[in-house]
Amino acid sequence: MSAKAISEQTGKEFLYKYICTSAAVQNRFKYASVTGDTEWGRLTQEHPWLLTERLVVKPDQLIKRRGKLGLVGVNLDLRGVQEWLKSRLMKEATVGKAKGVLKNFLIEPFVAHKQEEEFYVCIYAAREGDYVLFYHEGGVDVGDVDAKAQKLLVGVDEKLSEEAVKRQLLTHVPMDRKEVLASFVVGLFNLYEDLFFTYLEINPLVVTKDGVFVLDMAAKIDATADFICKAKWGDVEFPPPFGREAYPEEAYIADLDAKSGASLKLTLLNPRGRIWTMVAGGGASVVYSDTICDLGGVNELANYGEYSGAPSEQQTYDYAKTILSLMTREKHPDGKVLIIGGSIANFTNVAATFKGIVRAIRDYQEPLKEHEVSIFVRRGGPNYQEGLRVMGEVGKTTGIPIHVFGTETHMTAIVGMALGHRPIPNQPPMASHTANFLLNSSGSSSTPGTSRTASFSEPRVANGGIPAKKARPGVPPGNTAISWGSGCCLSLSVTTASTVKATTLFTKHTKSIVWGMQTRAVQGMLDFDYVCSREEPSVAAMVYPFTGDHKQKFYWGHKEILLPVYKNMGDAMKKHPEVDVLISFASLRSAFDSTMETMQYPQIHTIAIIAEGIPEAQTRRLIKRADEKGVTIIGPATVGGIKPGCFKIGNTGGMLDNILASKLYRPGSVAYVSRSGGMSNELNNIVSRTTDGVFEGVAIGGDRYPGSTFMDHVLRYQDTPEVKMIVVLGEIGGTEEYKICDGIRTGRITKPMVCWCIGTCATLFSSEVQFGHAGACANQASETAVAKNQALMEAGAFVPRSFDELGDIIKKVYDDLVATGTIVPAKEVPPPTVPMDYSWARELGLIRKPASFMTSICDERGQELLYAGMPITEVFKEEMGLGGVLGLLWFQRRLPRYACQFIEMCLMVTADHGPAVSGAHNTIICARAGKDLISSLTSGLLTIGDRFGGALDAAAKQFSKAFDSGLLPMEFVNKMKKEGRLIMGIGHRVKSINNPDMRVQILKDYVKQHFPATQLLDYALDVEKITTSKKPNLILNVDGFIGVAFVDLLRTCGGFTRDEADEFVEIGALNGIFVLGRSMGFIGHYLDQKRLKQGLYRHPWDDISYVLPEHMSM
């Protein structure tokens, strides 16, 4: 959602901080907030003026007309305010249909004034600019300001001047107030623009000899502008509408949404309700709510929400478990139903999202059964068959009644089943597997010719039939429309803009540039092109500013091709003059700038903006520029559009299986325009099942100000001979549908129009609900879906009674057109075969391939990193430490606490042993030679072996073999001496029996205290007694001690079998302890040398003995 209401306190804070005006704004920051937890003593300390001034008190909870409702206390002292609040604070009140608790009040200084000193001012956004309303009377009895007030439109990118304000708004204002008011109104308008307000009303605005007083204020800001206004806004709280509580679960989902590229929304309507929804898609979520209310479920509807935009499995799990947690808190005598619905997805992997939902269902299976929850599922889209399968399986394994349906079932049919209005089929027909659509039924691998002609049906008049009325031309007198016929590349019609826009946006020869590295979307477009028998790919190039110019590999049917990728737009346009469409996948932050840049190039006629969340003020500037340049914008916040047999935008129409199932590879007779991308794909499905198919379909986007409107596309369809009927799926919010009514009445639109506006449920809710699309909110009665549906029906459009009947109405209109000969269905021709991508085939489980690598210690693929199956959050929660992590990654075990501590001690004692040892020496030499950290560290590590540091493994093996074979310590020593072999782990250059190594002593004390048994260590200590009796420095050194102690640990901790313990010694695990520990020291030496700025090392000559061969020296 973009336009969000803010509290009066927040609005005034913005005004007092940032307004720039010569008018003296009084009482700046003089307000105090009161809640049920307020301590009056502290409040008066923070706001001492409360004790000295007369006061006004009122609730600050988005309540309109508070004065008329008796919710404003006027001219009171502090004691009077407290008395007034006693009967209202934390008490329930009814405002219209909404019931709620009054819990937040605002106290301000009372301003004594005369009635003639009150004024009314309001600024609100519209598509064409911002309207400023001013009335010379204000207050609670101002009445219908829309009819009374002076109105001034400030166009997009225009500035408001004080002269214009005086001339057009202040005509009835006394002369002595005009200067002050003009300055204030201009300052207010600049504030409105700078802080991205969408609505700002002050009533009354009081002007006295002392200055300007803002008494009551209501405001909305464009929440999508947060990335621009964060520094000025700070952390804005958006209160819920009065009558609806702010639940922590809503805040949790809002936080998930903010951290995700997907869309996740949740509004709780009635937590005690029995009907819960978990719907995919902004448009589909509204349709399901409409259907529930149509079938009498409005009082039992518990929530509104949606998830869309390809959320991950983990994000869907988090969303689903929140819903399941809420619905299993209170029992309902009739049990509960959960409707998991959605339209046919364009790009969301249904199986991945359903796996998240299935995880949540498994976690909550007992509460779900206890609360007698029945689940109804309907979904389509990429990999939906697998998604439905796993959903059906979880129903069987858990015993929860789960009824699963695919695209063969009407989208909202499950609502009737869930509410008992229609029977539940025992064995619903299942659609073919995705892969089946990709098989050429003819058995030929060759690519057939074009599936249909461009114009496959011609207008005909049946016997006794009446030809359709000729449309009145939409061209003003004196202007000429250009038409190049049905097979041409371009035909034009005049719009209200200064530059003509194209009637035909896409043909079989359309070429596009894609902005953004969206390889999956581009491959989908190329597959569509191929299956439509296009001669060349529709994508000429890509633009991606974050890399240099290069080529990107794609598939064209069976062969690989390369598409150029450019760093900047200018190069792409210069090298591809044939391109006239840009598809922008730019982010919401960069979409405005990149689109404005694109419109500098006259070759571009159409731009599709996919990004959701572009601030409305920026979108309106894009629209203005597009109108000036004659460019058609589809979006923002859209999936795009599709013209079967010709061109598709990005991910529109879904994957190839849906393209083929909905026959989008060849043109039909029906053109549609929708706001929702997901619902446009549902329309593809409905139209393909009830008619000869889609000719063209566009999703204009869910924002309040889409780049192109319903009427723009309806008029294009009206002027396109191949289109025989038009379908419009409107929605609550805005008044664009009334232009269609006018078009039908005036005769500009003569083709059969099937229309339905979603959002009819909104009038039944007691409080305002913001639906998934930013524009889906009615600001007045005429913007409700009910009012628009009624107006469309009265104008002559075909309007069903509900979305459930939309397909029936489309079929009836189509059948009538066939009966009259207006449509002559063409013979079907099979499309060419397109190979399936390897990755998708594997996702569908159609193929298998042996993996190149195997790993069993770590898994980074999910939402959370796993160490040997243990989530990283658990690792920290249980404070496993470095030793615990090493146990998981090296030994795939959760080692005992004492073992983890021992590992950490070993790392500590082996970390360093001075700069003279070979490894540290090598590291220092490399560092001083100017080498980098990695090279220097590697140089030191390469010296580790049996002679330096690598004795852990060797000592463990020698002592273990001797002990296991039953050799006495003396026998072992004699045997090694006889064989002329050194005993690894015995001996030290400096330390001796008389000068013991404290590292060994520390470890010995710990091991003796904590290890269950130390057989091998005891054996090694007996060997030490023998060797030190011969020479005092032949002690058990730190390498030998760690080696034998580790063997004792592996054999006696209880986590390993004897074979497993021996295997870890054999494969070199123990030397890893020394390598890991000593790496810390080597890095220390490297950093030390760099910090000391030591130069290149050259070994001194006097430390080298130069020994030449005898025959050379003579």
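Which residues do ring pairs link into a cluster?

## Aromatic cluster

This is a predicted model. In it, ring pairs join Trp890, Phe891, Tyr898, Phe902, Phe1011, Phe1046, Phe1056 and Phe1064 into a cluster. The structure as a whole holds 23 aromatic pairs.

## A stacked pair

Take Tyr124 and Tyr131. Their ring centres lie 5.5 Å apart. The planes meet at 25°. Planes under 30 degrees apart count as stacked, so the pair Tyr124 and Tyr131 is stacked.

Tyr124 has a relative accessible area of 22% and is partly exposed. Tyr131 has a relative accessible area of 16% and is buried. The cut-off for buried is under 20%.

## An edge-to-face pair

Trp890 and Phe891 form an aromatic pair. The distance is 6.4 Å centre to centre. The angle between the planes is 70°, which makes the pair edge-to-face because angles over 60 degrees count as such. Both residues belong to the cluster named above.

Trp890 counts as partly exposed, at 31% relative accessibility. Phe891 is buried, with a relative accessible area of 1%.

## Charges over rings

The charged end of Lys4 sits over the ring of Phe238, 5.0 Å from the ring centre. The charged end of Arg359 sits over the ring of Tyr317, and here the distance to the ring centre is 4.1 Å.

How values were computed:
Residues numbered from 1 in each chain as written. Predicted model: local features only at pLDDT ≥ 70, side-chain atom pairs only at ≥ 80, totals over all residues. Heavy atoms only, no water. Phe/Tyr/Trp six-rings, centres within 6.5 Å; stacked < 30°, edge-to-face > 60°. Buried < 20%, exposed > 50% of the residue type's maximum accessible area, 1.4 Å probe, protein only. Lys NZ or Arg CZ within 6 Å of the ring centre and 35° of its normal.
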